Amino acid sequence: MTTKRELLPLTTGATLEITVVNPPPGSHSTTAVFCLHPWSWLGGCMDDPVIQSIVKLFARHDCYVVYFNSRGVGKSSGYPSFTGRQEGEDLQALVQQFLQKEPQINSVIIVGYSHGSLIATLHPALASVKMSYVLLSYPLSPRGFLTLFHSRVYSTALDNLLGQSCANVLIIHGERDNFTSRSKYDAWGTSLRKRSEGKASKLEVVSVAEADHFWRSSSARTTLKQTLENWLSTA
């Protein structure tokens with residue numbers, strides 16, 4: 001397993017600071033994982049401890065793992081947007097450029113944590129590869145504030161994913177989330193399940209009793225890792 005950090009120019013005009021964890025030689029990996037950090041306006045970056053734990057988990061499974069600083073963070077160029085749309089365009093460009101570099105990839109997993117889970121939903125499902133999405137601590141209640149009141153754009157994007165036959169969506173949230181109540185998450189999960197009934201996409205919603213938004217307790221981190229391990233074995 002090797003790790004490479006670089007500045008990567010994208011077709012969007014942005015240059016992102018990215019790190020690529022390559023699987024061991026001879027592993028013949030065909031899965032690429034892209035990890036998106038929390039909101040940059042509140043200090044979110046690629047070195048976030050939750051993101052790092054997720055990177056290590058997928059790397060142990062011999063996946064290509066790509067994690068990066070969004071525009072305006074660290075050594076990435078430009079400025080963060082308020083709506084998240086430019087970050088969504090950067091994500092699409094990054095995935096496309098990586099697939100061109102590693103044409104053997106047939107499975108893409110996009111993992112978004114907090115604000116990153118909003119940006120993850122802006123990436124459409126691709127017909128050429130299997131697409132899976134992990135939305136961790138999706139900021140349901142503050143979604144409008146975090147996107148300059150473009151909440152409908154993100155709710156529509158998630159609905160569109162659930163309508164795609166090739167999409168596999170895993171939503172994980174804590175019952176002690178600091179920003180969204182358990183009751184609101186429960187009602188949202190029920191609504192998503194109803195809207196996905198009869199569709200070919202796959203949806204799983206997991207609620208973790210001891211977890212807050214930041215996954216600070218060791219028991220919450222352990223449950224998160226176990227949930228991802230179990231999901232990955234069937235994804």
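Modeller: Buried means under 20% relative accessible area, and exposed means over 50%. This is a predicted model. In this model Trp39 has a relative accessibility of 11%, so Trp39 counts as buried.

Biologist: How is a pair of aromatic rings described?

Modeller: A pair of aromatic rings is described by the distance of the centres and the angle of the planes. Rings pair if their centres lie within 6.5 Å, and planes over 60 degrees apart count as edge-to-face. By this rule there are seven aromatic pairs. One of them joins Trp39 and Phe145, with 5.7 Å from centre to centre and 70 degrees between the planes, an edge-to-face pair.

Biologist: Where in the chain do Trp39 and Phe145 lie?

Modeller: Trp39 lies in the loop between β3 (31-36) and α1 (49-60), while Phe145 belongs to helix α4 (residues 143-146). The two are 106 residues apart, and their pair links distant parts of the chain.

Biologist: Is Phe145 buried or exposed?

Modeller: Phe145 has a relative accessible area of 56%, so Phe145 is exposed.

Biologist: Why is the pair of Tyr64 and Phe98 called edge-to-face?

Modeller: The ring centres of Tyr64 and Phe98 are 5.8 Å apart and the planes stand at 70 degrees, so the pair is edge-to-face. This pair also links distant parts of the chain: Tyr64 is in strand β4 (residues 64-69) and Phe98 in helix α2 (residues 85-101), 34 residues apart. Tyr64 is buried, at 10% relative accessible area, and Phe98 is buried at 7% relative accessibility.

Biologist: Which residues form one aromatic cluster?

Modeller: Tyr64 and Phe98 form one aromatic cluster together with Phe34.

Terms used:
Residues numbered from 1 in each chain as written. Predicted model: local features only at pLDDT ≥ 70, side-chain atom pairs only at ≥ 80, totals over all residues. Heavy atoms only, no water. Phe/Tyr/Trp six-rings, centres within 6.5 Å; stacked < 30°, edge-to-face > 60°. Helix = DSSP H or I, 4+ residues; strand = E, 2+ residues; numbered from the N terminus. Buried < 20%, exposed > 50% of the residue type's maximum accessible area, 1.4 Å probe, protein only.
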